[in-house]
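Let's take a friendly walk through this model, with the cut-offs stated along the way. Here are the sequence and structure.

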Amino acid sequence: ELAQEIPVLNYHFMYEYPGGCNEDICLNIKIFEEQLKYLNDNNYKILTMDEFVKWKYGELELPKKSILLTFDDGAYGTNKNNGNYLIPIIEKYNAYATLYLITSFWNIDDYISPNLEVQVHTHNLHNLINNNYQMAISNYDEIRKDLETSLEIVKDNKSFAYPFYYHNQDAINALKVLGFKVSFVG
């Protein structure tokens with residue numbers, strides 16, 4: 001059977017020890033590894049972003065048991081300077097993941113792996129200002145300039161994940177003008 005829809009699992013931070021992360025969006029690395037083992041043992045095809053985009057545009061057929069793994073931000077446990085749990089686990093299972101990187105916060109060189117694709121999560125619009133999500137209150141020019149800065153670092157506009165899952169029409173327009181193929185919200 002072929003995929004008619006594809007689940008996207010979105011992760012953020014990973015930790016190893018109890019108390020290692022005090023955010024609601026943290027996941028213990030043992031649980032993440034159990035999930036990857038389950039997907040592997042049950043013959044799921046873990047997709048690259050390139051495969052997902054081609055499927056989305058009707059350029060590629062994929063099996064029904066296909067799934068996409070994404071990580072937002074680039075913090076806790078995802079790079080060599082803050083735990084480095086992500087890359088060794090996905091390489092162990094020869095799985096693929098896409099990391100949406102906040103390029104002003106983290107260095108792209110800390111996320112090098114043939115199993116990890118780095119995509120844009122803004123340069124510096126991932127902020128909460130006076131209880132407003134910055135990307136959702138920014139204008140077209142501000143958003144486009146920020147995305148262009150991030151693209152200079154990431155050098156790939158296949159996909160984008162909205163910070164905090166909030167956006168406005170100016171964000172959508174800027175992404176289209178800059179040639180992004182897909183974007184993700186929560």
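## A buried charged pair

K158 and D156 are both buried, where buried means under 20% relative accessible area, exposed over 50%, and partly exposed in between (1.4 Å probe, protein chains only). The two side chains form a salt bridge, with the closest N and O atoms 2.8 Å apart; the term stands for a side-chain nitrogen of Lys or Arg within 4 Å of a carboxyl oxygen of Asp or Glu. E117 joins D156 and K158 in a network of salt bridges.

A word on the model itself: it is predicted, so local features need pLDDT of at least 70 and side-chain atom pairs count only at pLDDT 80 or more, while totals for chains, interfaces and linings use all residues. Residues are numbered from 1 along each chain as its sequence is written, and side-chain values use heavy atoms, leaving out hydrogens and water.

Helices (H or I, at least four residues) and strands (E, at least two) are DSSP runs numbered from the N terminus. K92 counts as exposed because its relative accessibility is 59%.

Helix α1 also holds both K37 and D41, four residues apart, about one turn of the helix. Their salt bridge has its closest N and O atoms 2.5 Å apart. K37 counts as partly exposed at 41% relative accessibility, and D41 counts as partly exposed at 44%.

## A nonpolar surface patch

L128, F164 and Y166 form a nonpolar patch on the surface, with about 290 Å² of accessible area together. Patch residues have over 30% relative accessible area and no salt bridge; like charges are joined within 9 Å, and nonpolar side chains (Val, Leu, Ile, Met, Phe, Trp, Tyr) within 5 Å. Accessible areas come from the Shrake-Rupley method with a 1.4 Å probe, and for residues only the protein chains shown count as cover.

L128 is found in strand β8 (residues 128-129). With 48% relative accessibility, L128 counts as partly exposed.
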